[in-house]
Amino acid sequence: MTNTIRIAKWIELLDREYLSDYIRDGGSAVKIAVTAEECRHELSEQLKAVSEDRGYLFTRLDAISRRVHMPQDVFFGMALQFDWRLLARCVVLNLLDRRSFLVEGIDPAITPDVVGAVARVNGVEPRTVLLELRPALETEVTKNPRMARAFRIAMTHLCIMEKENDLSGNYAGQVLLDWITGVNSRIGNLRQYQIHTPINRTTARYFFESALYWVRFAGYSGTVILLDNSRVSVGKNPKDGKRFYTRAMTMEHFEFLRELIDDVEQLTGSLFITMADYAFVDPQSPRGWAIYPALRTRVMDDVRDRNMVNPSAALVRLERPHASGWSTV
């Protein structure tokens, strides 16, 4: 008999024990939820609703659409769901607010020219606002050691580029957005910005950590990332036209998860949840956790109650609808 927990009850615990304060205060956690396919939409929708109510950015990734064995592809999948220009405007307003400018009533989501808006509210010229903004960006963004050098240079430029609204629709920072989201990863396009670091397997983790920090720096409570890796556990290629993971690719993905767990303290203000199939915990599965003991030993329960689920464990099994022989709480 395998103990399970209802989705609603687990979400309630995540909200109470993690999202309400621990993650919001800068903590981080990595969880694995073993669940049936028919439950994944419900889990995603409930988690998204709770996260956004708490002021978090919510992103969902899928092992079918993203190559989750490649850290840079996981990062790009997350980065594509961020509104980087909105984050930049939020940072600009926060920096100006800390320098005694009136910013109340300026909504960065609907105000493209935040510098001009601040200037109008405060009765000064935009140049005056920029004179205060530039040294603030230099001190708190460009030289901020909490972010990778290439990342913070890019963010500095994105913030500066929000100083005006280009009515022609030609956004000068598009090359930076294409690079950070993986749309065009050619590093030669960024020479004018003195950025020489590609986002690849080796550097992706630093950009991942930097992006999570940037979200909180912009004023959000943090980031909630939901990754559906059930496709990784498919042992035999169904030849259905969708991505298939070889054993080597599966082990690379498991290594990525293991590195997240080991470096959890670097994932500022984030909750990373992996939705796994039952094959993930099947010791006989050719794509289960048994093939990578380093991950299994980090998330398995050393001591398990015979009748109750530990909802705070690194790995939980969610209730399977209408399944006989499954104990639920």
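This is a predicted model: local features need pLDDT of at least 70, side-chain atom pairs count only at pLDDT 80 or more; totals for chains, interfaces and linings use all residues.
A residue counts as buried when its relative accessible area is under 20%.

Helix α7 covers residues 149–160 and helix α9 covers residues 204–217; their axes come within 10 Å and cross at roughly 40°. That angle is why α7 counts as oblique to α9. As for handedness, the crossing of α7 and α9 is right-handed. If you want to pick out the contact on screen, α7 brings Ala150, Phe151, Met155 and Cys159, while α9 brings Phe207, Ser210, Ala211 and Trp214. Sorted by class, that contact has 7 nonpolar residues, 1 polar residue and no charged ones.

Now for the rings. The structure holds 14 aromatic pairs. One of them joins Phe151 and Phe207: the ring centres are 6.5 Å apart and the planes sit at 65°, so this pair is edge-to-face. Because Phe151 belongs to helix α7 and Phe207 to helix α9, the pair ties together parts that are 56 residues apart in sequence. Phe151 is buried too, with a relative accessible area of 0%.

Phe207 has another partner in Trp179. Their rings are also edge-to-face, at 5.5 Å centre to centre and 85° between the planes. Here the link runs from Trp179 in helix α8 to Phe207 in helix α9, 28 residues apart. Trp179 has a relative accessibility of 1%, so it counts as buried.

Take Ser100, in the loop between α4 (84–97) and α5 (114–122). Ser100 has a positive phi of about 70°, although it is not a glycine. How accessible is Ser100, buried or exposed? Its relative accessible area is 68%, so Ser100 is exposed.

Gln194 is another residue to look at, this time in the loop between α8 (174–181) and α9. The phi of Gln194 is near 60°, again a positive value in a residue other than glycine. With a relative accessibility of 47%, Gln194 counts as partly exposed.

How values were computed
Residues are numbered from 1 along each chain as its sequence is written. Side-chain values use heavy atoms; hydrogens and water are left out. Axes are lines fitted to C-alpha atoms, for helices over the stretch in contact, and angles run from 0 to 180 degrees between N-to-C directions. Helices (H or I, at least four residues) and strands (E, at least two) are DSSP runs, numbered from the N terminus. Angles under 35 degrees count as roughly parallel, over 145 as roughly antiparallel, 65 to 115 as roughly perpendicular and the rest as oblique. A crossing is left-handed if the near helix is turned anticlockwise from the far one by less than a right angle, and right-handed if clockwise. Contact means heavy atoms within 4.5 Å. Ala, Val, Leu, Ile, Met, Phe, Trp, Tyr, Cys and Pro count as nonpolar, Asp, Glu, Lys and Arg as charged, and the others, Gly among them, as polar. Buried means under 20% relative accessible area, exposed over 50%, partly exposed in between (1.4 Å probe, protein chains only). Rings of Phe, Tyr and Trp (its six-membered ring) pair if their centres lie within 6.5 Å; planes under 30 degrees apart count as stacked, over 60 as edge-to-face and the rest as tilted.
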